[in-house]
Amino acid sequence: PPPASAVPARRTGAMEREAAEEAMKAADPRPCEEEVVGPAEDGDDGDDGDDEVKEEEGEATEEDALKAAEDRKTAGNELYRAKAYAAAAEEYSRAIALAPHVASFYSNRAAAYLMDDRHEKAAADCDSAIALDPSSIKPYLRKAKALQSLGRVDAALEAVDAGLAAGSPEDEAGRAQATRDRRSLQRLGERVALADGLMRQGRWRQANAQLDAVLQEAPAAKRIKLWKVEALVELGALEAAYKLSSALMTSAETDSALLLLRARCLERMGNLDLAARHLQQALRGDPDNAAAAREYRRLRDVESLKEAGNKAFKAQSFAEAIERWTECLAQCSDAPAYAAKVYNNRATANAQLRRHEQAVEDATRAIGMDPGFTKAYLRRAASGLALGGKERLEQCVRDYEEARRQLPDGGGRDLESKLRQAQVALRRAGRKDYYAILGVSRDADEDEIRKGYRKLALKWHPDRHGSKPEEERKAAENTFKDVSEAYEVLSDAEKRRRYDLGEDDDGDCCGGGGGGFGGRGGHPGFGGGIDPEVLFRMMFEQGAMGGMP
């Protein structure tokens, strides 16, 4: 349609006839029955009689064009009622081509555009209709509705006010509708202001509820949708935020605000590389965007520190890896999915250094950030098993069970074995724990076990407590026996394997002699049973630590 400024208010005389003829030529693919030829072709001598005939023919042509246009309008109305809005708009366009000076055709097409969510075009058609007939209030209200849908509340209010000022005083129904629309727009503007204030206060849940209400009345408001994306990101609804932001993107999108929001969303989803590419795109469109430049540099630093930690870990420089990953974590607190991986990496490095307490803490942080992170459950379970203790072991069993639930194949035989080992350790929690007796972790090597025994055997040997009261002598003797019992089992690879797997807790499998440490209140089924004093002498006669002091 022609812009409002290009549509004259009235057309009369020869101008009107000329426009009708042009419209007919544009609408009818058939050539005119009579073409007007130049003087050189028909010998026209300038006789006015011929001009009068042409003028009468022009008037007939304009009347026919208007009738044809009305037919197209009627067809459009039928399609509109059938909710075929795009097809209705096409019929109204044909009517406009035949009679571009009729305001109602533009107004009707605006209504079809509104229902077809083509709000900008609807507003433009309303302007054309208003230019042709400023006294009709309906185009003003339709324009306001289109602007409202786009979220341009102030402009919509201006359109309503213009309609009230220019519209016919006799159109009582139209003026009443305008008054209602004005009140509705005012309430919508207040709701937009409320949502803005809540976002500034960081009250994202309440702001999100207000934004949903605004979008019910302004479904095509891009600014409000951008706010909605931000609210969803802050609420942790990252998939929904990303989906909405994708709907706002176009092939030629250069809106830096949208690109920054998508980058923030992608960072929190753990995809820092794609987030950085969005920031690069924002900087290409707006090289002076300080926020985009700052965030881009930070993301590159985070990636660099993580990679440095990975390289140190592969080189078995575990302390250096922990240091690099700690620096990385200081800069990626807004990327929980990404930080979870780094925390689990640091937990693994701590476990390599036998820092199981720190490993459990880091794995717990990783799980808190990503409850579906199977590796973090396995890491926490392994370190919890190494630490022992009833509470740790209960958590260890739960972690292995959760990992089994998350893994497609249930984790296979290896995970089943680890789970059984944890369950055995938990059953033993109320009984003697050989690792705890020797003061070593469950992943202690032979040298650590030997050192633990030597230290405690010397400390609790009965000869050291001979001068003490009977009760203390008896307690020292029992402790000495427990230390010897623990060492005999844990220093033997096969007995230790069976002990860890709990194969002898119920007296089943593995062969071996009966009795064993059972006579001293230990674990049955390990066979043999060396006298604690003999074991002590055997150890110290090797000369590793010299004799008794």
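This is a predicted model: local features need pLDDT of at least 70, side-chain atom pairs count only at pLDDT 80 or more; totals for chains, interfaces and linings use all residues.
View 1. Across the protein the mean is 83, and 80% of residues reach 70 or more.

**View 2. The second largest pocket, about 270 Å³.** A pocket here is an open set of points on a 1 Å grid over the protein atoms alone, where a 1.4 Å probe fits, with protein on both sides within 12 Å along at least five of seven lines; lining residues have an atom within 4 Å of a point. A257, L260, L261, R264 and E295 sit closest to the centre, out of 15 lining residues. Helix α13 (256-268) gives the most, six residues; α11 (222-234) and α15 (290-314) each supply at least two. Helices are DSSP runs (H or I, at least four residues). By type, the lining has nine nonpolar, six charged and no polar residues.

**View 3. C328 in the largest nonpolar core.** Such a core joins buried nonpolar residues through side-chain atoms within 4.5 Å, buried being under 20% relative accessible area with a 1.4 Å probe. C328, C332, Y338 and Y400 touch the most other members of the 45. Leaving out residues up to four places away in sequence, C328 touches V302, L305, K306, Y338 and V342.

Numbering runs from 1 along each chain as its sequence is written. Local features need pLDDT of at least 70 and side-chain atom pairs 80 or more, while totals for chains, interfaces and linings use all residues, and side-chain values use heavy atoms, without hydrogens or water.

Key:
Grid points are joined across faces, edges and corners, and a volume is the space filled by probe spheres set on the points. Ala, Val, Leu, Ile, Met, Phe, Trp, Tyr, Cys and Pro count as nonpolar, Asp, Glu, Lys and Arg as charged, and the others, Gly among them, as polar. Buried means under 20% relative accessible area, exposed over 50%, partly exposed in between (1.4 Å probe, protein chains only). Contact means heavy atoms within 4.5 Å. pLDDT is the predictor's confidence in each residue, from 0 to 100.
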